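Hi,

Here is the structure I promised to pass on.

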Amino acid sequence: MQQAGAPLLLALEEQNQVGMRVAANGEVVFFAAKNGAELNRVSLPLPAGTQISSIGQGLPGSNLLALGLSNGSALVFKHVYKVTYPDNQKTISPQIAYPYGEAPLNLDAQGRALEHVSLSATDETLLLAGSTGNELHLLALTQEENMLTGETSLEQQRIVLPQIAEPIKALYVDPRQQWLYVINGRAQADVFDLRSKSLNGRYKLLEDSAAEVTASAQLLGGISLLVGDSKGGIGQWFMARDPDGEPRLKHIRDFRLGASAVQQIKPEERRKGFIASNAAGELGVFHSTAQRTLLIEPLAKGAELLALSPRANRVLIESEHQLKPFSLHNPHPEVSWSALWSKVWYESYDEPKYIWQSTAANAEFEPKLSLAPLTFGTLKAAFYAMLLAAPLAIAAAIYTAYFMAPRMRRKVKPVIELMEALPTVILGFFAGLFLAPYVEGHLPGIFSLLLLTPLGILLAGFFGSRLPESWRQRIPEGWESALLIPVVLAVGWFALGVSPHLEAWFFGGDMRLWISNDLGITYDQRNALIVGLAMGFAVIPNIYSIAEDAVFSVPKSLTLGSLALGATPWQTLTRVVILTASPGIFSALMIGMGRAVGETMIVLMATGNTPVMEMNLFEGMRTLAANVAVEMPESEVGGSHYRVLFLSALVLLLFTFVMNTLAELIRQRLRKKYASL
């Protein structure tokens, strides 16, 4: 490629076939990236007698460029690549477009050279920023379309801001055109609020007084600033709210590229990664959110220009008037231990958080792949399910095996075990469509039912023991539990019937609003309470069946021997039977826990699938199993999201494996301890 003046900017197109070079003499040269052969040369329409004094780029991926000129104006243009297929052969035709006209836009009325220039474009507005010395110049261009003729006109408006005391090094406008970042002095950033046209604050970028800012760039999306210094450090900064609610420019994380001054920083166009070079000729590859330094390698000392392809798989360096292409293999930089398991400070958040959000509608979205809220949601769902299922199942198993009449046991046990055959998708469907809205409308009744049912059973037992002995002897031994059926039905009828009155007396007619407004607790219709009720119902048969077999298998000789020595049936149960059956009971609990941890359909349909880390009973959750079921069909095969879903399945497998291993060790210890009974 024949050189066309001092280099200003180097870029690559999507397919890595065509490169672009902007020279100081106003020529744009398109060349073949493979061998450097010139494809097209375009002379930009610069006014006569003017020279290029600065160059600025739009947000990564926009392909917009602005040239600051020596007469105080700026030329905005765009490099585009038209793909055609003549004779079934793919052809890329590079072109230059002028979306705001070929005439330069005047920024400095005094005609001084623009030392720095920056731009930010939306569908309606172009915001141009330039500087001369320590003076700022801002111009807003708004496109207006005539509804009758369809013609488009540009309306210009100058924005006046407070001036800077120190010489300006760089300018950046955020994509929402709210903030203007001005890097000035040795290591200072002034942030202006463009909506109120006032100074938000002055921020010190470096703590080391001997260091100074030598390079800077905007990360994908334009929210973050990357600031490189003279000692090889690179810091990430973005606006976040203080506890008092005021937005401030905050230092988020640091990276290190050797000990030499950082010269160039190039962000990726599709991920929150970037590459950088320093004065020692080292090239570094980094990912901001994962806080990973992926590669540091010596390439070319004194590199004049650095370019990164849109797919971030090719690097182009111009050094000593020679182009040096390099391939870059960096498939999954956003995955790290900290990104998966630690709090991460994401852009536009006020503090570090655990977040799972794998997709969004905008192109600048950053996948948030924290497994912590999913693991927490898995344990939360299992905890509330076991809170309901474990006491009921174990108590039912003990009563059925030890106290119930054999004839009644032969009817009750198969019925409970038959519950296990009920498809979980049916339970989830029932919980999501019927149980969740019913519980929301009868919250006082549900809590009254949970409190009054055991109380009613205890009172029934107490008064039953006070009945005349002649009445009690009429009840066959082991059939007493049949008398509790009407008691439980009566308590349930009373608790649900009195629910509207309780809601009117104590909660102003709406307990849900009282929980949300007075207590400040988030209430979701599909929440952990619904999961506990539905999944607890599904887990009860597993725990009951194994625990009942364990209790029933205790040798009758132990029971009869204890009774013969004068122990009461209750003493025999607590000190002989349960201790002997404890390995089996513990196994039942662990198997039930494993079932609850791995449950998919009930959690999927009975919760809002919100990946939050709150133990709030009235808030939903998302579990590892449900997340895999929901997102696996939509994930890109081989992508980071796809692999993290498999990793979450592995985490679930490891969790159940470790839990079952510990359960087996504890069970064996219990067997040895009580084998002598």
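Of the contacts in the chain with a separation of 6 or more, what share comes from residues 24 or more positions apart? They account for 55%, with contact meaning heavy atoms within 4.5 Å.

Before you dig in: this is a predicted model, where local features need pLDDT of at least 70, side-chain atom pairs count only at pLDDT 80 or more, and totals for chains, interfaces and linings use all residues. Residues are numbered from 1 along each chain as its sequence is written, and side-chain values use heavy atoms, leaving out hydrogens and water.

On confidence, the chain averages a pLDDT of 88 (the predictor's confidence in each residue, from 0 to 100), and 97% of the residues score at least 70.

As for the overall build, I get 15 helices and 30 strands, taken as DSSP runs (helices H or I, at least four residues; strands E, at least two) and numbered from the N terminus. Strand β19 (residues 225-229) has the highest mean pLDDT of the elements, 96, while helix α6 (residues 469-472) has the lowest, 76. The C-alpha atoms fill a box of roughly 120 × 60 × 55 Å along the principal axes. Buried residues (under 20% relative accessible area, 1.4 Å probe, protein chains only) make up 48% of the 677 in the chain.

N609 is buried because its relative accessible area is 14%. Beyond its neighbours within four places in sequence, N609 touches V603, L604, M621, R622 and A626.

Cheers

Notes
Buried means under 20% relative accessible area, exposed over 50%, partly exposed in between (1.4 Å probe, protein chains only).
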